[in-house]
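Q: Could you walk me through this one slowly? I'm new to reading structures and would like to ask as we go.

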Amino acid sequence: QSLGHSQLFTGRFYFIRRAGDGHVHTIWIFSPLSRKDAKLTRLYNDIGRKSLCVPKISFMPVNINETEARILGSLVEKQLTTPEYYPLTLNALTAACNQKSNRDPVMSLGETEILSAIDSLRDKNLVYLYYGSSSRTVKYKHMLPNVFEIDAPAVALMTLLLLRGPQTAGEMRGRADRLYEFSGIGEVQESLDELARRDDPLIVKLERQPGQKEARYAHLLSGPVDAAAVSANLESSRSSSSSNASAGRIEELEEKVEKLSVEMAELRSMFEEFKKQFE
């Protein structure tokens with residue numbers, strides 16, 4: 001009635017989330033399934049942004065736990081490194097979360113834990129379900145850059161922090177090649193500064209601890225960061241890690257194995273879907 005138009009038309013409602021003041025704001029937007037409805041849709045959305053014609057959802061703080069951070073980071077990483085297998089099935093997502101390379105700490109999450117965390121991420125609109133037109137298997141996609149309005153360099157850095165914890169700018173520069181091609185350490189530092197100086201900071205620069213050459217950065221999606229605890233964890237990790245000269249080669253082989261694991265999980269899901277056609 002607010003539109004002054006009684007025509008019925010079909011489409012989907014989407015939501016856009018803006019992060020600000022530690023909260024996320026949601027506005028619903030209508031997208032038509034038919035081109036002929038595009039003009040009416042534009043009118044609908046213009047009115048909706050200025051009135052109660054389109055519902056606006058209340059504010060919700062963004063605070064994710066360790067499992068949710070692992071899921072979110074894994075989804076972003078696989079989208080950027082193996083886009084042919086994205087969105088991810090539950091099997092592929094489980095393999096990505098539990099892989100041994102490029103993860104700190106290494107985790108062993110079960111499907112029940114992952115599904116519970118996905119429900120929480122969906123409530124925060126950071127993850128949503130995807131159903132392909134030719135498959136009944138549910139898959140999962142992330143909304144990290146949409147929710148927080150960050151560009152490709154920032155997405156790469158946030159992904160590293162979600163998957164590997166606090167790191168220096170130099171460490172992130174060396175680990176980001178598969179996610180984004182930075183021109184140099186200067187571009188990394190510029191992106192980190194932008195993330196830290198936002199009205200709603202997404203990362204924090206930790207004070208350099210005794211014995212450390214560089215300051216580390218940590219994401220704030222899980223709340224305030226305890227610098228002392230971070231330093232203690234890093235020391236513990238360093239003392240238990242191997243100093244083998246072939247560590248780089250081992251990590252490379254682990255990455256290949258983990259990629260094969262994701263591919264096998266995807267093929268397994270495709271085969272199960274194929275079998276259902278004959279049941």
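Q: For contacts between residues at least 6 apart in sequence, what share joins residues at least 24 apart?
A: In the protein chain that share is 57%, where a contact means heavy atoms within 4.5 Å. Please keep in mind that this is a predicted model, in which local features need pLDDT of at least 70 and side-chain atom pairs count only at pLDDT 80 or more, while totals for chains, interfaces and linings use all residues. Residues are numbered from 1 along each chain as its sequence is written, and side-chain values use heavy atoms, leaving out hydrogens and water.

Q: Which residues have the most contacts inside the largest nonpolar core?
A: They are Ile-71, Leu-93, Leu-144, Phe-148, Ile-150 and Leu-221, in a core of 51 residues. Such a core is a set of buried Ala, Val, Leu, Ile, Met, Phe, Trp, Tyr and Cys residues joined through side-chain atoms within 4.5 Å; buried means under 20% relative accessible area, exposed over 50%, and partly exposed in between, using a 1.4 Å probe and protein chains only.

Q: Which helix gives the largest share of that core?
A: That is H6, with eight residues. In soluble globular proteins, nonpolar side chains tend to be buried together.

Q: And what does Ile-150 touch?
A: Leaving aside residues up to four places away in sequence, Ile-150 touches Leu-144, Pro-145, Val-155, Met-158, Leu-195, Arg-198 and Leu-202.

Q: Switching to Ser-74, is that buried or exposed?
A: Ser-74, which is placed in helix H2, counts as buried because its relative accessibility is 0%. Beyond residues up to four places away in sequence, Ser-74 touches Leu-93, Ala-96, Cys-97, Arg-103 and Leu-163.

Q: What about the open sheet, what is its strand order?
A: The three strands run in the order E6-E8-E7 with antiparallel pairing, where two strands pair if DSSP finds at least two bridges between them. Strand E6 (167–168) and strand E7 (203–205) stand at the edges, and each has a single partner strand, so one side of each is left without a neighbour in the sheet.

Q: Which residue in E8 is the bridge partner of Thr-168?
A: The partner of Thr-168 there is Arg-216, and E6 and strand E8 (residues 216–219) pair over two bridges in the antiparallel sense.

Terms used:
Helix = DSSP H or I, 4+ residues; strand = E, 2+ residues; numbered from the N terminus.
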